[in-house]
Amino acid sequence: MNDLLIIIYRTILFYILILFVLRIMGKREVGELGIIDVVVFLIMAEVAALGLDSPEKNIFEAIIPIIVLLGIQLISSYISLKSKKFRDLVDGDPSTLIRDGVIMEEELRKQRYNLDDLFQQLREQKVGSVRDVTYAFLEPSGNLSVFTKDDTQPALALISDGIVQPRHLKLIGKTEEWLLDELKRQGIHDVEQIFYCSYENKQLKYQLKEAHR
């Protein structure tokens, strides 16, 4: 009976603790969780389960690892916010699976994404033909973003947090030299001053970092 009361007490405590931890970690949909988030959640769940399964053990043996995991997640989130290279290393970049109605066969193999999965995603987004698709991106979250000929073109950051994105430039058929020349015409001579820059309706749209506004 004593063990049962301990389990009930710990269940309530872990519920409140994990709810508090998740609140601190921020609001994100399950489908948008990064790799680090998933790893932290899995380990956290395992630690909590061990704390419930072993009522004879000191409860702090379970609480301390959860707090440490929270610290790891907060630190990684801060680094990810400051470093595009870290974001790319951990979460990766979107993969182009379809471009101008052509399926990128090599990219499908690389991402271990089969045709059945691809066509299912297209059907779910009510896309009747691959030929109607201008771009289809497999996002780091695992979601498929599809743009058809009638849609607004996808938002691609040509510059992200002061760093030029050559892969995105290649997707729109432009070069880094072209980008730098266009920015110079608009009075921007240092890309590190730019928070983000995109190409919309055949025009460059950019926002300077707060320190340079």
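These legends walk through several close-up views of a predicted model.

**Figure 1. The whole chain, from end to end.**
Let us begin with the overall picture of this predicted model. The protein chain holds eight helices and eight strands. The domain assignment gives domain 1 (1-90), domain 2 (95-148) and domain 3 (157-208). Between the C-alpha centres of domain 1 and domain 2 there is a separation of 34 Å. The C-alpha trace spans about 75 × 45 × 25 Å along its principal axes. The radius of gyration of the protein chain is 23 Å, whereas a compact globule of 213 residues would have one near 17 Å. Of those 213 residues, 32% count as buried. Take the contacts between residues at least 6 apart in sequence: 50% of them join residues at least 24 apart.

**Figure 2. The largest nonpolar core.**
Here we look at a group of side chains gathered together. In soluble globular proteins, nonpolar side chains tend to be buried together. The largest nonpolar core of this model has 14 residues. Which residues have the most contacts inside it? They are Phe14, Leu17, Val21, Met44 and Ile66. Two or more residues of this core come from each of H1, helix H2 (35-53) and helix H3 (60-82). H3 gives the largest share, five residues.

**Figure 3. A closer look at Leu17.**
Leu17 sits in helix H1, which covers residues 2-25. Is Leu17 buried or exposed? Leu17 counts as buried because its relative accessibility is 14%, and the cut-off for buried is under 20%. Leaving out residues up to four places away in sequence, Leu17 touches Ile63, Ile66 and Ile67.

**Figure 4. Arg10 and its surroundings.**
Helix H1 also contains Arg10. With a relative accessibility of 6%, Arg10 counts as buried. Which residues does Arg10 contact, once its neighbours within four places in sequence are set aside? The partners are Gly51, Leu52, Ser54, Pro55, Lys57, Asn58 and Ile59.

Now to a sheet. Strands of a sheet pair through backbone hydrogen bonds, either parallel or antiparallel. In this open sheet, four strands follow the order S2-S1-S3-S4, and their pairing is antiparallel. At the edges are strand S2 (102-103) and strand S4 (144-148), each of which pairs on one side only. Five bridges link S4 with strand S3 (residues 133-138) in the antiparallel sense. To find one of these spots, look for Ala136, whose bridge partner in S4 is Val146. Helix H6 (residues 115-124) packs on the sheet and touches strand S1 (95-99), S2, S3 and S4. The direction of H6 makes about 60° with that of S4.

**Figure 5. The sheet S6-S5-S7-S8 and helix H8.**
Another open sheet has four strands in the order S6-S5-S7-S8, with antiparallel pairing. Its edge strands are strand S6 (163-164) and strand S8 (203-208), and each pairs on one side only. Helix H8 (residues 176-185) packs on this sheet, touching strand S5 (157-160), S6, S7 and S8. The direction of H8 makes about 70° with that of S8. Strand S7 (residues 194-200) is joined to S8 by six bridges in the antiparallel sense.

**Figure 6. Stepping across the strands, residue by residue.**
Start at Tyr206 in S8, the bridge partner of Cys197. Cys197, in S7, is in turn the bridge partner of Ile159. Ile159 also stands opposite Val164 in S6. S5 and S7 pair over three antiparallel bridges, while two bridges join S5 to S6, again running antiparallel. How many residues lie between the strands in the hairpin of S5 and S6? There are two, and in this hairpin Asp161 takes a positive phi near 55°.

How values were computed
Residues numbered from 1 in each chain as written. Predicted model: local features only at pLDDT ≥ 70, side-chain atom pairs only at ≥ 80, totals over all residues. Heavy atoms only, no water. Buried < 20%, exposed > 50% of the residue type's maximum accessible area, 1.4 Å probe, protein only. Contact = heavy atoms within 4.5 Å. Pairing = 2+ DSSP bridges. Axes fitted to C-alpha atoms, helices over the stretch in contact; angles between N-to-C directions. Domains from an automatic or database assignment. Core = buried A, V, L, I, M, F, W, Y, C linked by side-chain atoms within 4.5 Å. Rg over C-alpha atoms; globule rule 2.2 N^0.38 Å.
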